[in-house]
Amino acid sequence: MIQEYEPEATRRDAGDAESSRASRGWWDRNADEYQSEHGTFLGDDRFVWGPEGLDEAEARLLGPAESLRGADVLEIGAGAAQCSRWLAAQGARPVAMDLSHRQLQHALRIGGGFPLVEADAGALPFADGSFDLACAAYGAVPFVSDPVKVFREVRRVLRPGGRWVFSVTHPIRWAFPDEPGPEGLSVAASYFDRTPYVEQDERGRAVYVEHHRTIGDRVRDVVAGGFRLVDLVEPEWPAWNSQEWGGWSPLRGNLIPGTAIFVCVRD
Ligand SMILES: C[S@@+](CC[C@H](N)C(=O)[O-])C[C@H]1O[C@@H](n2cnc3c(N)ncnc32)[C@H](O)[C@@H]1O
């Protein structure tokens with residue numbers, strides 16, 4: 001009988017290459033389960049910024065409806081490309097890219113007729129100035145050790161005036177246990193501890209990595225990447241949403257923010 005090793009959760013350093021390798025493997029192995037668990041909430045062609053359920057149709061963080069028509073949009077860490085499908089329905093020309101082959105197979109299964117590109121957000125395979133907009137709903141950014149490298153790549157492929165809008169776990173969440181119930185309401189770690197969360201196998205190889213940055217770090221990273229920050233949105237938990245998603249729940253969502261959305265402009 002083959003014994004399945006339960007990965008060990010720890011906090012330790014994890015560089016660029018190790019983080020990418022872990023993410024590709026984790027998302028390839030877990031894409032089927034992720035899509036069957038969250039696919040209904042995400043909707044095949046909705047643009048949802050995070051577990052609170054804030055919809056781009058309502059939030060308009062990418063710009064007014066008319067600005068999407070004919071716009072070239074890059075979705076980074078697109079998963080099954082739900083957001084790109086919504087963008088295509090608005091008349092935009094999306095390209096959905098992701099590191100995980102299996103996530104992109106789900107994108108292909110649902111369909112959409114726009115290009116799917118398998119690549120790492122740290123090395124975008126596109127010419128300079130190819131896009132009017134770039135977006136990521138929890139795509140790539142929380143999982144990379146060098147977000148400035150990603151932001152510089154995004155800046156390079158955007159045209160002047162282009163927007164870069166991305167959501168991540170709200171940094172304050174790192175001070176609390178990742179639990180949806182009351183046990184997730186007491187501070188258990190330092191908000192200032194940037195040591196990555198790593199799950200590793202029996203040989204100490206990372207199989208899942210998430211990187212923590214404080215709010216101030218994220219602002220500095222955006223600026224270092226060559227962007228101007230024009231808004232920082234902290235969606236409130238809406239009354240209609242009774243659904244838990246991992247450590248995100250109505251209980252916690254009514255007390256502390258769960259998602260931070262950065263709206264940036266490339267001048
Ligand atoms: C939480 S999912 C978000 C996808 C989609 N927006 C959703 O809500 O389901 C994170 C995605 O980021 C991708 N990802 C992680 N690291 C990446 C990297 N370095 N480059 C590109 N994509 C990456 C993963 O493969 C995964 O599909």
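**Around A175**

Modeller: Leaving out residues up to four places away in sequence, A175 touches V187, A189, S190 and Y191, where contact means C-beta atoms, placed from the backbone, within 7 Å. This is a predicted model, so local features need pLDDT of at least 70, side-chain atom pairs count only at pLDDT 80 or more, and totals for chains, interfaces and linings use all residues. Residues are numbered from 1 along each chain as its sequence is written.

Biologist: Where does A175 sit?

Modeller: In the loop between β6 (158-169) and β7 (197-200). Helices (H or I, at least four residues) and strands (E, at least two) are DSSP runs, numbered from the N terminus.

Biologist: And how far is A175 from S186 in space?

Modeller: They are 8.4 Å apart, C-alpha to C-alpha, and eleven residues apart in sequence.

Biologist: Why does A175 count as partly exposed?

Modeller: Because A175 has 16 C-beta neighbours inside 10 Å. Buried needs 20 or more other C-beta atoms within 10 Å, exposed 12 or fewer, and partly exposed is in between, with C-beta atoms placed from the backbone.

Biologist: New topic: what is phi of A81?

Modeller: Near 65°, a positive value in a residue other than glycine. Most residues other than glycine have a negative phi. A81 is in the loop between β2 (72-76) and α4 (82-89).

Biologist: Is A81 buried or exposed?

Modeller: Buried, with 28 other C-beta atoms within 10 Å.

Biologist: What about phi of Y138?

Modeller: Also positive, near 60°. Y138 lies in the loop between β5 (131-137) and α6 (147-157), and is partly exposed, with 19 other C-beta atoms within 10 Å.

Biologist: Since you mention α6, at what angle do the axes of α6 and α7 cross?

Modeller: Roughly 40°, and the axes come within 8 Å; α7 is residues 215-224. The axes are lines fitted to C-alpha atoms over the stretch in contact, with angles from 0 to 180 degrees between N-to-C directions. The two helices are therefore oblique to each other: under 35 degrees would be roughly parallel, over 145 roughly antiparallel, 65 to 115 roughly perpendicular, and the rest is oblique.

Biologist: Which residues make that contact?

Modeller: P147, V148 and F151 of α6, with D221, V222 and A224 of α7.

Biologist: Last one: which residues are closest to the ligand?

Modeller: W27, G77, G79, S100 and A121, out of 20 that surround it, near being a C-beta atom, placed from the backbone, within 6 Å. Helix α1 (residues 16-42) gives the largest share of that shell, four residues.

Terms used: Two residues are in contact if their C-beta atoms, placed from the backbone, lie within 7 Å.
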